[in-house]
Amino acid sequence: MPDHKMMTQDLLEAGGELLLAPEWLMLPTGAATGMGVVVRERRFAQVAPIAELVAAHPHLTVIDLPRRLLMPGLIDTHTHLTQSFGKSLAFGEPSEIFKRIWVPMEGVLDADAAYLASKLAAFESLRGGFTTVVDAGTRSEAGLDGVANAARDVGIRCVLGMICNDAGNTDGEAGALRILAAAEGFLSRLEHDPLVHPSLAISIPEAATDRMLHDVARLTQEAGRCFQTHVNEHLAAIERSLVARGLRPLELLHAVGALNESGLLAHATMLTARELGLLRDSGAAVAYNPVASQWKGNAVLDALLLKTLGVRFGLGTDGTRADGLRLMDAAEATQRIAHGLSNGDSSCGGGGVWVDHATHLGARAAGLGAVTGRIEAGLAADFLLLDLDVPEFVPSWDLTWELVRFANRDQIEAVFVDGKLRLWRGWPVDWDARALMAEVAQVAKRDVARAPIHRVHPTADGHRAANA
Ligand SMILES: [Zn+2]
């Protein structure tokens, strides 16, 4: 039985340079034994057999981690950090919740509330094993800096989208130029930020003019950043686009020259054969959001078809629940129910697909393939220590698939981002999470009460009573 107190003490006091010797190390090829890592100055300095590391670094104390898995931190390729005050308000609601709940709720957040909501969401994300989140952009006017500051304070890597919608622009060319100048400024201001990676977003293609779609996608392409938008999320969205623009959302992006390899398209369900071809040829990436499909969607994308076509994709929560291990499980289960049952595919990715797309392939989809997602020398030391000394992992026959189907958030013992220990057993090591929770409870109550939210579904108990 390892001495946990000793272990956390070692991790905290190691002074930034660590030689970690876990029992298992998750590599893109699978879990290896006898391998360790040296972490130095925010990065993995070396990944090698433990004996080799010990010989090469005699000044370092070896931190033995028996029955532990050291694995890459998970990547949430699509979320909305400033929606955390709403959470279960969206349960049971029909599609296009953004109109009735999220836009009204995010609209009342001031800078402080946006910061608090983001900090809570970022904390939840770390607890769920995410070391990187891709935020699609806040609808709070004052919120962008709040999201960035919350990510830094909590210590999570964040690809942050700045929303560039211009459908409401009443100032013609001058207004459009202001939006584009702000977008360029945002990209350059955060160019070298260690944790917050800039990105541009248009909520849905219809929320912008053809020109804005084109120019924003060009800016992100030139800067090597992500252009985020929601595409083909619901049947209603597709039909609205057809009525307004004569094209389906993904076709519209293509038609205006806004579909390129910088694209990170959330949802992308209900793709026609033509759209699949356009997507493949464009090099754009997709965020597959299985829990969003379960809770509030009309359809499920066929992730294994995307894989076969060579379309980059990651897994996303869309702000549903910030649990990366359950997200992998949902990704597999949703694929299997929506596609594998009807075509007799009992392996549905065989476990490994979901781990890969939650880690290194998710990082690629988020434009961070050279930054994070793998346990590899030179990459950011974003990783988890999982306690496998639990009955669910005894005996263990297939660790990769067991991670997808058995692993639970309570096994995440340590979360490291950018080489720093951020959480130990689910709680931060350097700030007061209980104080944050107490503050959020108050502010969320105030803001939800004053937001013009329109729910059409009762609470669970109200629903039960109504149907008794
Ligand atoms: Zn979304």
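When I say buried in this talk, I mean a residue with under 20% relative accessible area, whereas exposed means over 50% and partly exposed covers what falls in between. With that in hand, let me turn to the structure above, which is a predicted model, and in which buried residues make up 58% of the 468 residues in the protein.

Let me begin with the overall form. The protein has 18 helices and 17 strands, and its C-alpha trace spans about 65 × 60 × 50 Å along the principal axes. For a chain of 468 residues, a compact globule would have a radius of gyration near 23 Å, and the 22 Å found for this protein agrees with that. Among contacts between residues at least 6 apart in sequence, 75% join residues that are at least 24 apart. As for the surface, the protein exposes about 18,500 Å², of which carbon and sulfur atoms supply 53%. There are 43 positive and 57 negative side chains, and the centres of these two sets lie 3 Å apart.

Now to one helix. How many of the residues of α3 are buried? Helix α3, which runs over residues 97-107, is mostly covered, with 8 of its 11 residues buried. His230 lies in strand β10, residues 227-231, and because its relative accessibility is 9%, under the 20% cut-off, His230 counts as buried. What does the side chain of His230 reach? It reaches the backbone oxygen of Ser203 at 2.8 Å, and the side chain of His230 also makes a polar contact with the side chain of His78, at 3.0 Å. Leaving aside neighbours within four places in sequence, the residues in contact with His230 include His80, Ala136, Ile202, Ile204, Pro205, Ala266, His267 and Asp318.

Finally, a residue in a loop. Glu392 sits between β14 (383-387) and α16 (399-405), and with a relative accessible area of 44% Glu392 is partly exposed. Glu392 and Asn408 are 16 residues apart in sequence, while their C-alpha atoms are 9.6 Å apart in space.

Notes:
Residues numbered from 1 in each chain as written. Predicted model: local features only at pLDDT ≥ 70, side-chain atom pairs only at ≥ 80, totals over all residues. Heavy atoms only, no water. Helix = DSSP H or I, 4+ residues; strand = E, 2+ residues; numbered from the N terminus. Rg over C-alpha atoms; globule rule 2.2 N^0.38 Å. Buried < 20%, exposed > 50% of the residue type's maximum accessible area, 1.4 Å probe, protein only. Contact = heavy atoms within 4.5 Å. Areas by Shrake-Rupley, 256 points an atom, 1.4 Å probe, with all protein chains shown as cover. Lys, Arg positive; Asp, Glu negative; His and termini not counted. Charge placed at Lys NZ, Arg CZ, Asp CG, Glu CD. Polar contact = N/O pair within 3.5 Å; in protein donor to acceptor, adjacent residues only side chain to side chain.
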